[in-house]
Amino acid sequence: MATLLLIDDDTGVRQMLESLFSSMHECHTADRAEQALEYLQFQKYDVVITDVSMPGLGGVEIVQHIKAQHDATPVIVISGGPDEYKDTVLEMGAFAFLAKPFSLSAIEAAVANAIAQGQQQSSMTLP
């Protein structure tokens, strides 16, 4: 069971993601980036899914923080707007970028691939 952090200011999207993944994984949710940054101080996550555009800090800042503090944590960025941030977040090290509306199978595949990559990296660093 992996631990996921789901960040989106849209309650419907956040609830949909939690409903989709909570039967297989431990899910924590945040409705703003500032709340997510507090969680990240105390918890390591196997995958973070974040919206790019939120009031206050956004997904770009989340990717920056995670890559600076927890570089091995895969971050999946989702966006309901134009793909203007896609290249930026991918260059910063985001694992994937999905435009809303995305299919459930697309987000499930992205999370499964991110978890698999994380497990592979962990097994390579074990003595």
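Which side chains meet in a salt bridge with an N to O distance of 2.9 Å? They are the side chains of K100 and D8, and the views below place this pair in the predicted model.

**Notes for all views.** The model is predicted, and residues are numbered from 1 along each chain as its sequence is written, while local features need pLDDT of at least 70, side-chain atom pairs count only at pLDDT 80 or more, and totals for chains, interfaces and linings use all residues. Side-chain values rest on heavy atoms, with hydrogens and water left out.

**View 1. Confidence along the protein chain.** The mean pLDDT (the predictor's confidence in each residue, from 0 to 100) is 91 for the protein chain, and 94% of its residues reach 70 or more. Confidence is highest in strand β1 (residues 3-7), at 98, and lowest in α5, at a mean of 85. Helices (H or I, at least four residues) and strands (E, at least two) are DSSP runs, numbered from the N terminus.

View 2. β1 and β2 pair over 5 bridges in the parallel sense, and L4 has C27 in β2 as its bridge partner.

**View 3. T50 in strand β3.** T50 lies in strand β3 and is buried, with a relative accessible area of 0%. Buried means under 20% relative accessible area, exposed over 50%, and partly exposed in between (1.4 Å probe, protein chains only). Not counting residues up to four places away in sequence, T50 touches I7, G59, I62, V75, I76, V77 and I78; contact means heavy atoms within 4.5 Å.

**View 4. H25 in a loop.** H25 is found between α1 (11-21) and β2 (26-30). H25 is buried, at a relative accessible area of 14%. Apart from neighbours within four places in sequence, its contacts are M1, A2, L4 and I115.

**View 5. Salt bridges around K100.** A salt bridge is a side-chain nitrogen of Lys or Arg within 4 Å of a carboxyl oxygen of Asp or Glu, and the count by this rule is 3. In the K100 and D8 pair (2.9 Å, N to O), K100 lies in the loop between β5 and α5 and D8 in the loop between β1 and α1, so parts 92 residues apart in sequence are tied together. K100 is partly exposed, at 22% relative accessible area, whereas D8 is buried, at 0%. The side chain of K100 also meets that of D51 (3.6 Å, N to O), and this pair links parts of the chain 49 residues apart. D51 is buried, with a relative accessible area of 5%.

**View 6. The salt bridge of K67 and D71.** The side chains of K67 and D71 meet in a salt bridge at 4.0 Å, N to O. K67 is buried, at 17% relative accessibility, and D71 is exposed, at 51%.

Technical notes:
Pairing = 2+ DSSP bridges.
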